[in-house]
Amino acid sequence: MDRFVYADNAATTRVSDAVVQAMLPYFTEHYGNPSSLYHMGQEAHAAVDEARKKVAKALGAAENEIFFTSGGSEADNWAIKGVARKLGAQGKKHIITTKFEHHAVLHTVQALEKEGFEVTYLDVYHNGVVHPEDVAAAIRPDTCLVTILYANNEIGTIQPIPQIGRICKDNGVLFHTDAVQAVGQVEIDVKDQCIDLLSLSGHKLHGPKGIGALYCRRGLRLPNLIEGGAQESGRRAGTENVPSIVGLGVAIEEACRDIPGRTKEIAKLRDALIEEVLKIPRSRLNGDREQRLCGNANFCFEGIEGESLLLLLDFNGVAGSSGSACTSGSLDPSHVLLAIGLPHEIAHGSLRLSLGDYNTMEDVRHIAEVLPPIVQRLRDMSPLWDEIIKNEKKPN
């Protein structure tokens with residue numbers, strides 16, 4: 001293999017050198033328990049506090065509104081189940097979400113449906129964007145929560161979060177957003193955007209895996225996630241993962257230092273990639289062309305299967321995906337692509353290429369070189385493609 005191109009940054013990212021260097025001392029030198037009163041413990045405690053400041057600053061939040069978790073999925077579960085069970089006890093048992101959320105949200109609200117909650121799943125239309133007026137129309141007197149992701153993890157479309165947040169605030173309904181894909185790529189201010197709860201994850205922004213955070217607006221007290229000790233203000237027990245918390249703090253500080261500058265450069269690569277890939281006959285870009293994350297390019301190719309495409313791309317030195325890494329074992333077409341109206345036979349032939357800080361224009365050229373012959377090879381082997389061509393040749 002002459003060249004390897006990592007184009008799956010939406011699944012996970014390389015940990016940055018600065019993050020690694022910041023984490024190392026907390027494995028071997030400053031390894032004390034943050035709850036211990038002696039000097040080494042207080043060093044670790046101070047490091048956790050400093051990371052909390054960095055996360056809070058990146059979101060426009062206060063330090064005491066940030067709670068560290070094991071990742072985005074845990075933060076989603078805590079926010080959604082916490083609000084539902086708190087307000088459900090007061091008779092508010094209606095939740096609003098969308099049809100193309102990450103499964104950390106969809107499976108959580110589905111579990112709550114089994115507990116007697118009613119869930120409204122909003123349409124997202126062909127461009128993969130939620131209409132704020134649909135959110136407003138779905139709100140009822142018994143609505144306890146609206147949960148809508150900030151940017152879709154598969155097709156990269158950015159949602160009108162400030163407008164949705166304002167609608168929720170005006171109607172007295174709590175608003176949660178899964179911002180795992182958006183943090184570090186979109187400028188976020190939880191106060192200005194009327195966000196009550198926000199989930200994020202370190203490994204999507206060049207931090208370590210297994211660490212995330214939940215922003216929970218001051219005054220909103222959720223039921224404890226884990227009972228035990230007094231960690232995280234008594235709301236999530238368990239000794240803190242100090243090295244990873246430090247890593248998350250450095251990663252989010254780096255990612256949010258110059259969002260416009262960073263994203264502009266990545267978007268140049270994305271746009272060049274889109275232009276090249278759409279030269280392939282019967283290919284399509286999924287989701288809005290402009291209102292999308294800077295590195296996300298999600299395509300469908302008629303007449304092929306996404307899994308075969310990924311294997312051949314890997315053989316040719318390109319790492320991509322057919323959708324969310326969390327559902328990579330599924331043979332079903334992406335629920336996201338079905339939600340935006342694609343038929344099953346087209347949704348099966350999907351490819352997500354997500355570029356990031358370490359990609360180059362040479363990477364784009366390599367993908368543009370190896371992808372077209374792979375698509376053609378698979379089509380030459382595909383009975384479905386033969387059927388498509390035969391139907392095209394039939395007289396009207």
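A: Start with Lys268. In this predicted model, Lys268 forms a salt bridge with Glu265, and their closest N and O atoms are 3.4 Å apart. Both residues belong to helix H10, which covers residues 259-277. They are 3 residues apart, about one turn of the helix. Lys268 has a relative accessible area of 44%, and Glu265 has 45%. Lys268 therefore counts as partly exposed, since its 44% falls between the 20% and 50% cut-offs. Glu265, at 45%, is partly exposed too.

Helix H10 also holds Glu275. Glu275 forms a salt bridge with Arg289, with the closest N and O atoms 2.8 Å apart. This pair links distant parts of the chain, 14 residues apart. Arg289 lies in the loop between strand S9 (283-285) and strand S10 (296-301). Arg289 is partly exposed, at 31% relative accessible area. Glu275 is partly exposed as well, at 46%.

Next comes helix H14, residues 361-380. Here Glu362 forms a salt bridge with Arg365, the closest N and O atoms being 3.3 Å apart. The two are 3 residues apart in the helix, a separation of about one helical turn. Glu362 is partly exposed, with a relative accessible area of 41%.

Salt bridges also join into a network: Glu118, Arg140 and Asp142 are linked this way. Across the structure there are 20 salt bridges.

Conventions. Residues numbered from 1 in each chain as written. Predicted model: local features only at pLDDT ≥ 70, side-chain atom pairs only at ≥ 80, totals over all residues. Heavy atoms only, no water. Salt bridge = Lys/Arg side-chain N within 4 Å of Asp/Glu carboxyl O. Helix = DSSP H or I, 4+ residues; strand = E, 2+ residues; numbered from the N terminus. Buried < 20%, exposed > 50% of the residue type's maximum accessible area, 1.4 Å probe, protein only.
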